[in-house]
Amino acid sequence: MKFTSLGQGGGYNLPACHMLKLSGFHILLDCPLDLSALTIFSPISCTSLYDEEEEMVDLISLEPYYKTVEGVQLWNVSLIDVVLISSPMGMLGLPFLTRTKGFSAKIYATEATTRLSEFMMKDLVAMHMEFKQRYGPHKNSFFEFFNWEKLESLPPSLKDILLGKDSTQLGSWMPLYSAGDVKECLQKVESVVYAQETCYNGSLIIKAFSSGLEIGACNWSLKSPKRNISYISRSIFTSGVAMDFDLHALIGTDVLIYSDFSNSENGSNQELEGDDDDDDLLLDCENERCEEMEKLKFICLCCMDSVKSGGSVLIPSGRLSIVLQLLELLALHLDSSDLKVPIFIISSVAEELLAYTCIIPEWLCKDRQDKMYSGKPVFDYEELIKEKKIHVFPTLDSRELLMMWQEPCIVICPHWSLRLGPAVHLLKRWHSDPNSLLVLEEGVDTDLALLPFKPLSMKVLECSFTSGIKLEKVPQLLKMLQPKQILVPDYAKPFLEPLSNSLPCLFYTESEPLCLPKSKNLCELHISSNVASKLKNKEMRMSRLKGQLYVEHGKHYLVEGKKAKGLEIGPLVHWGKVDLESLLVGLEKIGVKGSNECGSNVVNVVDPGKGLIELKETSVVISVGDESLALLISNLVHSLLNGI
């Protein structure tokens, strides 16, 4: 088994990306897109906010290119056998691969992830096309614009994003895929449901289990004939929208790949304890859910304060589960305050996306499922849309929206990078209003994202939501899962190395292959009864059987096969020693004349042909010119040895 980390990720919007070689198959774990890197580009609609010379120094005034995972682009795509997608964000870079010549891998993702990824990719393509239609094509392309002098003159913050810390990532930037590329990509995806057993090539069993992070997000279980692997992506034990984390399905694996260390930076001073074996304490996440709800309520209170003072609220969030809960709470707060403030959702896929989330209760948490079974709407916003308290529009210039537009208002729209979509135009409108509020989620460089809109007078609320298992719970989780080997990123070394006596951890570094020794587990062979009955000596540790060997659903089988006509197979394994006197007697019986000089281990063959037979400690060398004579002598030697 060989494991290579192609990218260690960066939060909810940028999952980790890895390459795994298992049983001869190359398996790609997720294929994300770094959309936070869009902040190096200038939203051209904002050029009037500051002079052109300053813009050229601070940001790049070009049609945006998109940053892929460098390690994936360097890989020969024809060698990839399987792609496993863990979350909707983990699929955004997949069309770059599927449109590449030679790509033929099998792609697996849950049904919900596939559908949500489709909405996200279509919306991204629509926003990019709007950018091109509104501002026209540029004279220079991305790579034509840059030379070494321009690269060296860039500010350090832009340079780090553009080139990476080691200045090798310029080649990972690519023009965005088309709607046709997205359609072709989705046609190659095989959708699965949680716990569904899928077999690849007869020998690899693949299963998806809920990770709790997002609707349809999952962790993966891989079973091969020699080794079982579990992959834990970013996970949450309990969620207010998605199905809870499935812990028990991952217990007892041979190798656990754990890449969820979202809170490692915030917990750098924590001392981890590994002796707490209270499983209930680990799974009891009511406090965490309460914390998340308190954050959402605080956002709602800040929104109410802004609209009461006459300002509007802009929420450019791309996290579906947070948006769905926020919609319910915002409407509730507006009702309780008697404010007649409209809530606008502006996105090219918003209507279809909201309708889809209402018909997939099997992918939602238990509370949401109970609401459906009791005859209530799965989400409260369904009724609010019918009551015209929430309004959904595809674009900012929709005629219906322009007819009913009023301020103050609350707008939820893409894109959280503040470089594409309605968010750019609304920020241009409200950036100088001190009563207005911008709600940003942690994960983007706020100073760089807001640079085109300075001077900025509107209030900015930056908030963070749980995007992984808390650091202090990781050791206990790993102990519960009881893997024989754990692969964790090297930046987690300070947290887990003190617990190395109880946790069998191996630390991997980005772009450096990590080879695991061969498993000591022996493969099981299932032998059919009619073949097993032919065992000559059942007490022997080694025996010879003849049949048809094949692999199905990760298991080896030996069954009786059809006997080929005229095919006679002799013993394949021999042991013992050839006695010189017995050899001379045997040669005489088969009509071969030979002689031996006293004290020599060589027999001279003189008739019916000339040759030599040399007897060694561990072998017999037959040297004759006639093939039929060589076969005759060889059969004689075999008969003098024990064999199977």
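Visitor: Which helix gives the largest share of the lining of the second largest cavity?

Guide: That's helix 10, with five residues. Bear in mind that this is a predicted model. Helix 11 is the other element that gives two or more residues to that lining.

Visitor: And what volume does the second largest cavity have?

Guide: About 220 Å³. Its lining consists of 18 residues, and Ile236, Thr238, Ser239, Gly240 and Glu292 are the ones nearest the centre.

Visitor: How do the residues of that lining divide into nonpolar, polar and charged?

Guide: Seven are nonpolar, seven are polar and four are charged.

Visitor: OK, how many cavities of 30 Å³ or more does a search of the whole structure find?

Guide: Seven. The largest cavity holds about 520 Å³ of space.

Visitor: Which residues lie nearest the centre of the largest cavity?

Guide: Met120, Asp123, Ser317, Gly318 and Leu353, out of 32 lining residues. By class, the lining of the largest cavity has 24 nonpolar residues, five polar ones and three charged ones.

Visitor: Which elements supply at least two residues of that lining?

Guide: Helix 4 (111-135), helix 11 (320-337), strand 16 and helix 12 (350-357). Helix 4 provides the largest share, six residues.

Visitor: Strand 16, you say. In what order do the strands of its sheet run?

Guide: The order is 17-16-18-15-19-20, an open sheet of six strands with parallel pairing. At the edges sit strand 17 (390-393) and strand 20 (459-463), each pairing on one side only. On average, neighbouring strands in this sheet are turned by 20 degrees against each other, direction ignored.

Visitor: Which helices pack on the sheet?

Guide: Helix 10 (residues 286-308) is one of them, touching strand 15, strand 18 (410-412), strand 19 and strand 20. The direction of helix 10 makes about 175 degrees with that of strand 20. Helix 16 (residues 422-430) packs on the sheet too, in touch with strand 15, strand 16 (343-346), strand 18 and strand 19. For helix 16, the angle with the direction of strand 15 is about 155 degrees.

Visitor: What's the bridge partner of Leu314 in strand 19?

Guide: Leu438. Strand 15 (residues 313-315) and strand 19 (residues 437-441) pair in the parallel sense over two bridges.

Visitor: New topic: where does Gly576 lie?

Guide: In the loop between strand 27 (574-575) and helix 21 (580-589).

Visitor: Does Gly576 count as buried or exposed, and why?

Guide: Exposed, because its relative accessibility is 57%, and the cut-off for exposed is over 50%.

Visitor: How far apart are Gly576 and Asn642?

Guide: They are 66 residues apart in sequence, and 6.2 Å apart in space from C-alpha to C-alpha.

Methods:
Residues are numbered from 1 along each chain as its sequence is written. This is a predicted model: local features need pLDDT of at least 70, side-chain atom pairs count only at pLDDT 80 or more; totals for chains, interfaces and linings use all residues. Side-chain values use heavy atoms; hydrogens and water are left out. Helices (H or I, at least four residues) and strands (E, at least two) are DSSP runs, numbered from the N terminus. Buried means under 20% relative accessible area, exposed over 50%, partly exposed in between (1.4 Å probe, protein chains only). Two strands pair if DSSP finds at least two bridges between them. Axes are lines fitted to C-alpha atoms, for helices over the stretch in contact, and angles run from 0 to 180 degrees between N-to-C directions. Contact means heavy atoms within 4.5 Å. On a 1 Å grid over the protein atoms alone, a cavity is a set of points where a 1.4 Å probe fits but cannot get out, and a pocket is an open set with protein on both sides within 12 Å along at least five of seven lines; lining residues have an atom within 4 Å of a point. Grid points are joined across faces, edges and corners, and a volume is the space filled by probe spheres set on the points. Ala, Val, Leu, Ile, Met, Phe, Trp, Tyr, Cys and Pro count as nonpolar, Asp, Glu, Lys and Arg as charged, and the others, Gly among them, as polar.
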